[in-house]
Amino acid sequence: MNIYFQLFSREIRVAFKRWTDALTGFILFFLIAILFPLISDSNKEFLLTIVGPIMMFSAFFASMLSMQNMFKPDFQNGTIEQLMLSKGSFVSLILTKTIAYWLFTSLPLILISGLTASIYFVSASGILIIQLTLLLSTLTMVHINAFTAAITLGIRYPGALMTLIITPITLPILIFGSKTIENSILGADISGPLYFLTGMMMLSFFLGPWITASALKISMD
Amino acid sequence: MNLKKIYKYGSPPNFYRFAMKLEPWCLSLGLFLTAIGSIGGLFIAPKDYQMGDAFRIIYFHVPSAYLSMSAYAAMGIASIIGIVWRSNVAFAVAKSIAPFGALMTAVALITGMLWGKPMWGTAWVWDARLTSEFILLLLYFGYIALHATIKEQKRADRAASLLAILGIVNLPIIHYSVVWWNTLHQASTISKLDSPSIVGEMLWPLLLMIIGYMIFFIGVICRGGSAEVLMREKRSNWVKEV
């Protein structure tokens, strides 16, 4: 059996054992989206103007919450070291791991976002745009999260530092993601910011695994 | 190009001697130019016809803003050199740039706020350049914090350098992503090299200030870098001789 497929299925099995990690992010995403209309104004126009930032913001926080455990358990029980020694390419193994991680933590957010967006009175076509935006942006964010988790691996309490590192790097994605949603609700052209998001996603798929792998190597020695 | 000459400065003792020789010259020349520039800017240059005397803060705002970005570029290049050639000197230089760059960014932000208050009516607007300058400050803080948190010297160097390189790749993206909002900041005054939109009497002190800041910055790197090299090599023989 292919080593990448083996790693992938192993990651999925482990993720099912640690399902609380994924659930925490999921609940946070849902709660932020629900609480906003409750504690602020709940009229339709206002909600439609803030739905873009809220979606990006809650996705950002949800992915940040679960990412501390991205490499830490595997680092402590020696799995990362074994991956490094295995005959497959370390960069591709990291890519496999990142995608498996994305499937477990971000895909549920995209699925539930249809429901949360309808709380904000978004129309059916708008919901599709929101899901597309979240798909592209979480696929970018997961690489940034992987890098940050890898580089802060040896640190005991990395919480604040992680936030400091991750915020400036993620900012363009947040800006363009909410711009896409905003444009689609206003009925304007969404192709510009959407192309940008796609470009960022390509770039992060190209660069992300390399940088994450070298960060892991630095953290190992 | 003769690479051997450059490699020579990669060895700590050679770098130390070179930096110590360069440092007093750079510091004094930088101070001298900055002094002339501030006298020229604060007393000799004519008043601006719109902003009056308040425009004179430009003589501190623009050089520090220039320097905040070029210092980050310098830090990124030093980090790349450090990672590629595993050069301890380059890591030391990159580490010594970071606090100074953060300081320059903070100065640029504060003088910008002081300038914005009377001119625009508010100290802060969510404008492209202000925002990207602020993000730059966050990037510096991230570098410094990461370097400070990791206990082991070598690992800290390489991890923080990786972050600096990522920042270099990401900085243009951040900048343009915020530029594509609407922008209130005035267009830059002297980046159009062929026809500057500023009169000569106002321009020369500004150029002097920028050059003076740059030279002073090199002096500060020499000082900080050589101190850092001394700290790292404190067990070796050549340090005992110094």
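The crossing of α3(A) and α8(A) is right-handed, a term used when the near helix is turned clockwise from the far one by less than a right angle, with anticlockwise giving left-handed. Helices here are DSSP runs of H or I with at least four residues, strands are runs of E with at least two, and both are numbered from the N terminus. The model is predicted: local features need pLDDT of at least 70, side-chain atom pairs count only at pLDDT 80 or more, and totals for chains, interfaces and linings use all residues. Residues are numbered from 1 along each chain as its sequence is written, while chains are lettered from A and ligands numbered from 1 in the order in which they are written.

Stay with that helix pair. Helix α3 of chain A covers residues 44–66 and helix α8 of chain A covers 124–151. They pack at an angle of about 35 degrees, with axes 10 Å apart. Axes are lines fitted to C-alpha atoms, for helices over the stretch in contact, and angles run from 0 to 180 degrees between N-to-C directions. From α3(A), the residues that meet α8(A) are A:Met55, A:Met56, A:Ala59, A:Phe60, A:Ser63 and A:Met64. Their partners in α8(A) include A:Ile130, A:Leu134, A:Ser137 and A:Met141. Contact means C-beta atoms, placed from the backbone, within 7 Å. By class, this contact has nine nonpolar, four polar and no charged residues. Nonpolar covers Ala, Val, Leu, Ile, Met, Phe, Trp, Tyr, Cys and Pro; charged covers Asp, Glu, Lys and Arg; the others, Gly among them, are polar.

An α-helix has 3.6 residues a turn, so residues three or four places apart point the same way.

Now α3(A) itself. It has 23 residues and reaches 32 Å from first C-alpha to last, close to the 33 Å expected at 1.5 Å a residue. The expected span is 1.5 Å times one less than the number of residues. The helix α3(A) bends by about 45 degrees at A:Val51, and the proline A:Pro53 follows within four residues. A bend is the angle between axes fitted to the seven residues ending at a position and the seven starting there. A:Val51 is also buried, as are A:Gly52, A:Met55 and A:Phe60, among others in α3(A). Buried means 20 or more other C-beta atoms within 10 Å of the residue's own, exposed means 12 or fewer, and partly exposed lies in between, with C-beta atoms placed from the backbone. The cover over the buried residues of α3(A) includes α2, α6, α7, α8 and α9 of chain A.

Cross to chain B. It has eight helices and zero strands. Buried residues make up 41% of its 242 residues. Of its contacts with a separation of 6 or more, 78% join residues 24 or more positions apart.

Helix α2(B) has 33 residues and reaches 45 Å, close to the expected 48 Å. A kink of about 30 degrees lies at B:Leu22, shortly before B:Pro24. Buried residues of α2(B) include B:Phe15, B:Tyr16, B:Cys26 and B:Gly30.

B:Ile57 sits in the loop between α2 and α3 of chain B. It counts as partly exposed because it has 19 C-beta neighbours inside 10 Å. Beyond four places in sequence, B:Ile57 is in contact with B:Thr111, B:Leu114 and B:Trp115. B:Ile173 lies in helix α6 (residues 153–179) of chain B, and is partly exposed, with 17 other C-beta atoms within 10 Å.

Note on methods. Two residues are in contact if their C-beta atoms, placed from the backbone, lie within 7 Å.
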